[in-house]
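I opened the model today to look up a few local features. My notes follow in the order in which I took them.

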Amino acid sequence: MQKEFAQSDITPITPDARMSAEVHGGRAKCLQRLIRLEMPVPQTVALSFHAVRRIAAGTPPDVTEILRHFGPTPLLSVRPSSQDPDWGGPGAILNVGICDTLHATLCDEIGERAATSLYLRFIQAYATHVARLDDDLFEVPEDPTHETLAVALRTYEEEAEEPFPQEVERQLGDILGSMARAWEGTSARLLRKAKGAPEGAGLGLVVQQLALGVGQGACGSGVIQFVNPATGERQVTGRYLSQSQGREALEDPAGAVYLTRDPRGPSLQDEYPQVFAELLEMGERARTRLREEMQIEFTLDGGRLSVLDAVRVHRASRAKVRIAVELAQDGIISREDAVMRVDPAALSELLHRQVALDAERDRIANGIAASPGAASGRIVFTANDAQASAARGEDCVLVRRETSPEDIRGMHAAAAVLTVRGGVTSHAAVIGRGLGLPCVVGASDLLIDRKAKRLTAPDGRVFREGDVITVDGTTGDVLAGQPAMLEASLDGAFRTLLQWADAVRDIGVRANADTPADAQTARNFEAEGIGLCRTEHMFFEGERLSVMREMIFADKGEDRAAVLERLLPMQRADFADLFSIMGGYPVCIRLFDPPLHEFLPSDKAGIRELANVLDRPLSEVTARIEALEEYNPMLGMRGVRLGVTVPEIYEMQARAIFEAAILSKMSGARVVPEIMIPLVSAMREVELVKNRIDAVAVNVHNETGADLEYRLGVMVETPRAALRAGDIAQHSAFLSFGTNDLTQMTYGLSRDDAGRFMSAYVQQKVYAEDPFHTLDLDGVGELLSMGAERARASEPGIVLSICGEHGGSRSAIEFSRQHGLDYVSCSPFRVPIARLSAAQLALAERESNRSLA
Ligand code: PEP
Ligand code: MG
């Protein structure tokens, strides 16, 4: 007959036992490490995942084999040991083995009050976890008596219809069974899944000789750690509670004492200096040998110290960075290890204000988390009101159905943006990320009544203009009121970690930056240039919008060119600013992209105002606006199509770029501007635009005598451009994949409307993820790799990159490295995250090559 339990299923933890986190769980493995470090860990036996699975399935545990490792009247604790301690597990159960006879012996040894308290605690734990009785029937009073115990035993017998079990075999078997089954329960599964555990994650259990913590002399328990879990600073924190067990010292702060000397009250350091010194020494030993900051659970028993357990200190994001950096600086781990230890998503929390972890969240609605960070402010419904609010010095949240380029100034003025429509690449999301502005889009459960200036939540609550709400762009939550916040922090450890990341990174990281402020952020985060400057945003600024509108209304080419003359100096100044901020790093300027219609007013009042400015009849202006309307503007007259049919715009922009480059060169900067043509689908488009831009360059050279060096490239964002990348490459110094439009056109999916049904699509697994959020490696990825391959085959030296919103994501960086792309470009605030992800990918590849060799 096959043995129910294999030999490795029940293993006493010794320095040499075969033990691993994958078989016995992280706690068991950690206890073995502590034993190897000669820490005073009581006798412990580990049950493997396999054993616990069998127990959950109904096979009784081999308690005789377990108990063989303990004395004749054992008193035990049982704790969970999942592979990753963060995945949790059932709570620890202490005092297993106590019964009437052991209670009587303990009364003599440690006193009746202490012995009775232990017995009562176990009755309560057993009654609730095994017999499934209400725990309030078995409350343990401060001063338990013989009578309290008698009542508890009687209550148990009445409720469970059997006497309280007296045999340790039965008690232990039942406890192991209940813990094993609890791990298989639905809520435990969901909970650990949310923490990243895989579907089949196993549970191990550890059975440990109990170190009492109650009794005569110096008895108690405590928890000590050697760093501040919020900041990562080296600092001893924790509590000790006399006459207590487990983690009670943390649960009863009133009775607990400090560990280090403290003016607020007594401390372990004063009361038991020898024990305190021993703990400090153990902390140092754990840090250097386990290469981690550990929290140690200890017990004092008649003055003797036992270490029951140690776990990695649970830490906030900023502490993660500091701890990793300091461990490396102290020579305990390598710099590469430090780089690998910090989850790039944790950096995002450091870069933005966040809702404090322990703050109360009164959630009104949830949408798509489009730009991380959180901010509170008074609700405003128009961009003008946002500007007025900023002028009064009041923080506001701009709430719109969706934003358009006309809202840009309002967005600059707002503390956060909330839209009811849109997805991760919609206007609000892209601009929000660029500005580092918290943004939630697609909160489709909210009803906006713009006229009445009212916002109605799905639970019926109504919020009016001026009411304070909070937008949490990290989680997608919209909250009522103003919860406590945690400030952003870019400390020395953050910069050091990123420098170490850069030392191993093997792909460039640039930023998408449209304004001098964006460019400055990009430089602060050490982006290696601008990969995409969307110039159209520059035309919405104050006076320029009117000039732009005049240009659109110009009847003839010469009239148009004359109006553009007025925009030229403004554009030249914009570009000169960018060049000077980027200090010699490359700046890639994309020529004008959006449909002209976006620059025209859409409401009556705006149209009337425009008619006034242009001094033309209202009917003519209205007719002109109607004539410019398109059924599918995103597939219509935009990008290079404007460049071909209204060439004056691109000519003006090219001249502005060249003149700005000459100006910057005169002040000593080395500038080689990169000019990028958007929405190309055919080689001839590139030829036409290139000829015109080259002609502008010749003119500027003839006028100024200055040597002009520039690079002309193409944005590959239509499927046809990817397919024809081979011939397009012949006229291009570089190609940059615009994955936003490429995703939109590959799927035939509007990036501004997909939010409406995306969650249904993802829920029903039509798409694994929102493709605007996570690069679709199968479909869009195939076009990218085909495009890259064809471009390289025709022009081996061509520079390739990704500049869509996916650019900063780990999967896009991984893809870009695999396909030999030169750089990725992403929103400035994602630059640090991309630098760290790229470094981790390079290190992981190095590691896997090493293990293959
Ligand atoms: C893109 O399409 O991927 C892109 C970067 O350009 P935009 O988002 O401005 O269309
Ligand atoms: Mg695009």
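I looked up Asp741 and found it buried, with a relative accessible area of 3%. This is a predicted model, so I take every value here as computed from it.

Next I asked what coordinates the magnesium ion (ligand 2). I found Glu717, through OE, and Asp741, through OD, at 2.0 to 2.1 Å. The pair links distant parts of the chain, with the two residues 24 apart. I placed Glu717 in the loop between β27 (711-716) and α28 (719-723), and Asp741 in helix α30 (residues 739-747). I then checked Glu717 for burial: its relative accessible area is 2%, so I list it as buried, the cut-off being under 20%.

I moved on to the strands. How many bridges join β8 and β9? I count 8 between β8 (residues 294-301) and β9 (residues 304-312), and the pairing is antiparallel. In this pairing I noted Thr299 opposite Ser306 of β9. The two strands form a hairpin with 2 residues between them. In the turn I noted Gly302, which has a positive phi of about 60 degrees.

Last, I looked at the surface. I found a nonpolar patch made of Phe757, Tyr761 and Val766. Together they have about 240 Å² of accessible area. I located Phe757 in helix α31, which spans residues 755-763.

Technical notes
Residues are numbered from 1 along each chain as its sequence is written. Chains are lettered from A and ligands numbered from 1 in the order in which they are written. This is a predicted model: local features need pLDDT of at least 70, side-chain atom pairs count only at pLDDT 80 or more; totals for chains, interfaces and linings use all residues. Side-chain values use heavy atoms; hydrogens and water are left out. Donors are N, O and S atoms within 2.8 Å of the metal (3.2 Å for Na, K and Ca); water is not among the atoms, so sites may look incomplete. Helices (H or I, at least four residues) and strands (E, at least two) are DSSP runs, numbered from the N terminus. Buried means under 20% relative accessible area, exposed over 50%, partly exposed in between (1.4 Å probe, protein chains only). Two strands pair if DSSP finds at least two bridges between them. Patches are made of residues with over 30% relative accessible area and no salt bridge: like charges are joined within 9 Å, nonpolar side chains (Val, Leu, Ile, Met, Phe, Trp, Tyr) within 5 Å. Accessible areas come from the Shrake-Rupley method with a 1.4 Å probe; for residues, only the protein chains shown count as cover. A salt bridge is a side-chain nitrogen of Lys or Arg within 4 Å of a carboxyl oxygen of Asp or Glu.
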